[in-house]
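Subject: Structure handover

Hi,

Here is the structure I promised to pass on to you. Please have a look, and then read on for my notes.

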Amino acid sequence: MASPISVYNSNALDTHISSTSRESLKMELLADVTLLPGEERITDKDIIYICPFSGAIKGKVLITNYRLYFRSSDSDVAVTLDVPLGTISRVEKMGGASSRGENSYGLDITCKDMRNLRFALKQEGHSRRDIFELLFKHAFPVSHGLPLFAYVTQEKYEENGWNIYKPVEEFRRQGLPNNKWRITFINKSYEVCDTYPTVLAVPFKCKEEDLRRVASFRSKARIPVLSWIHRENQAVIARCSQPLVGMSGKRNKDDERYLDLIREANDTTKLTIYDARPNVNAVANKATGGGYEGDEYQNAELIFLDIQNIHVMRESLKKLKDIVYPNVEESHWLSSLESTHWLEHVKLVLSGAIQVADKVSSGNSVVVHCSDGWDRTAQLTSLAMLMLDSHYRTLKGLQVLIEKEWISFGHKFASRIGHGDKNHADQDRSPIFVQFIDCVWQMTKQFPTAFEFNERLLLTILDHLYSCRFGTFLYNCESARDQNGVRLKSVSLWSLINSKTDIYLNPFYTPESGRVLYPVASMRHLELWVTYYIRWNPRIRQQQSPVEQRYLELLALRDEYIKKLEELQLSDSAPTRLANSSTPNTSSSSSSPTSQQYTHLHTPF
């Protein structure tokens, strides 16, 4: 995880370098940087970092095939930057050879994780040409025919994260198949829908040829399939894309009958179809051949959820970045935040998911779609499932939820994030997954004991959404991952997380299996996620709750006691071993009563 800018008093650094010459300092400055297995140094260079908080800082920058790393050489202020190259969205030259003014010649770097970096170089002999070209090449490997770092890394972990989600096992956990729903492998070669997974759950009564006919009437052939089933009332959440109604108001009897089969599966009186889009957008989609379900769908009701499209979300996050980086506008903070509409969008997404969860909890099956069913649809289904099913609120359950509803169902991560792609202005870029994780964070704030994982997990997921260190979020769909051998040639993010789970656990977690969570989706109860959006500002420090602080102190105290006990055990066992060696016939069971006592001692925190 990339470290935030750390600015601190450098007395310790002073004592370390006081006897070191300036030249050897430059050589040694980056010598101790720990590289990942498979990470290689590309270049390093003396440079000036234009810190938005501390001004111009001299130091050295190291560029590898994975990261940009800067460390200051100034003795009065110590600054470290550790930025995965995948985080970089744009690299631009700043100023020209004839530019006037101090530090006006260098590089401007725009990042995807709510920060920008600016470096200045000396105006002599094209001093920035090499570093610009190398940085541009390795920050955007896909645009230069180079492999993403996920294919290069040699990292090894105890856990294999690729095994965390197995579709058939997850359906079995939900109680499927049963006499109303069956599992089909019709898409095993991605021939029905190339952006869907190979394992699908569909109504028991529908035939394979019915599925093919329905696919012809749904955008991108993304047919309605089951995401989740309620164990008691058998109501389901099904997901799909928009019907291809068009301006002429086309109908498809197979599609209409298919939705009625979903309704009949648990005898729902009326099937509720949640269209994530604003009504006006859905009508406009008719002009491009799309549309929505009309009155011809018997026993169904259509509800629009008014969630805006990917372009609106992208612009909203840009506005948010403008008001939080580099400086937070204190005097008009609330009005500035409101003008970004970011929390308003978060509210609408959460509100839509609450409606879905509430409808299913009361025994009514629902179908959820937007235009293509891979952005807003994924937000709504996954958040509703998080509210309804406590399994997804565990550490591994959240991983399954992301693998299932986002990765396997074809959220276009490559297009939305732009992994290794230099086209920063691509209109397909959008923070849809970031917005989902923000919604999860909002829920953890409102229900602090309901989630097994902590905020650190959410931050780690978002950092590696961009980093390209793991194969988890690469490409747009399962078929593309299979073609590029992602599971065979790269490591899963869940391998990292599940190999050291303790740092991602919430100490206040209380399992409650049957509880449905209904967060309050009103502006009064939603907060800006400061720890994520404003974490690069060293003057903004997120206050830890006193209870959590005390808990961590007690854990540290426990660790200290355990360490002392182990030391006592070692010191007590030494004379015992000597005594044993002089009296070999002594029974081993009575040799060390003290060590037995220590072994069974527990500190109840």
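How do the residues of the lining of the largest cavity divide into nonpolar, polar and charged? Before the answer, two notes on the source. This is a predicted model, in which local features need pLDDT of at least 70 and side-chain atom pairs count only at pLDDT 80 or more, while totals for chains, interfaces and linings use all residues. Residues are numbered from 1 along each chain as its sequence is written, and side-chain values use heavy atoms, leaving out hydrogens and water.

Now the answer: four are nonpolar, two polar and three charged. Here Ala, Val, Leu, Ile, Met, Phe, Trp, Tyr, Cys and Pro count as nonpolar, Asp, Glu, Lys and Arg as charged, and the others, Gly among them, as polar. A cavity is a set of points on a 1 Å grid, over the protein atoms alone, where a 1.4 Å probe fits but cannot get out, and its lining residues have an atom within 4 Å of a point. A volume is the space filled by probe spheres set on the points, which are joined across faces, edges and corners.

There are two cavities of 30 Å³ or more. The largest has a volume of about 40 Å³, and Tyr297, Gln298 and Asn299 are among its lining residues. Helix α6 (residues 253-264) gives the largest share of that lining, four residues; helices are DSSP runs of H or I, at least four residues, and strands are runs of E, at least two, numbered from the N terminus. The second largest cavity also has a volume of about 40 Å³, and its lining includes Arg393, Glu512 and Arg515.

On to charge pairs. The structure holds 35 salt bridges, each a side-chain nitrogen of Lys or Arg within 4 Å of a carboxyl oxygen of Asp or Glu. Lys404 and Glu405 form one of them, with their closest N and O atoms 2.9 Å apart. Lys404 is buried at 1% relative accessibility, and Glu405 is buried at 0%; buried means under 20% relative accessible area, exposed over 50%, and partly exposed in between (1.4 Å probe, protein chains only). In another salt bridge, Asp559 pairs with Arg558 at 3.9 Å. Asp559 is partly exposed at 43%, as is Arg558 at 29%. Shared partners also join Lys205, Arg257, Asp260, Arg263 and Glu264 into one salt-bridge network.

Best wishes

Methods: 1 Å grid on protein atoms, 1.4 Å probe; cavity = no way out; pocket = protein on both sides within 12 Å on 5 of 7 lines; lining within 4 Å.
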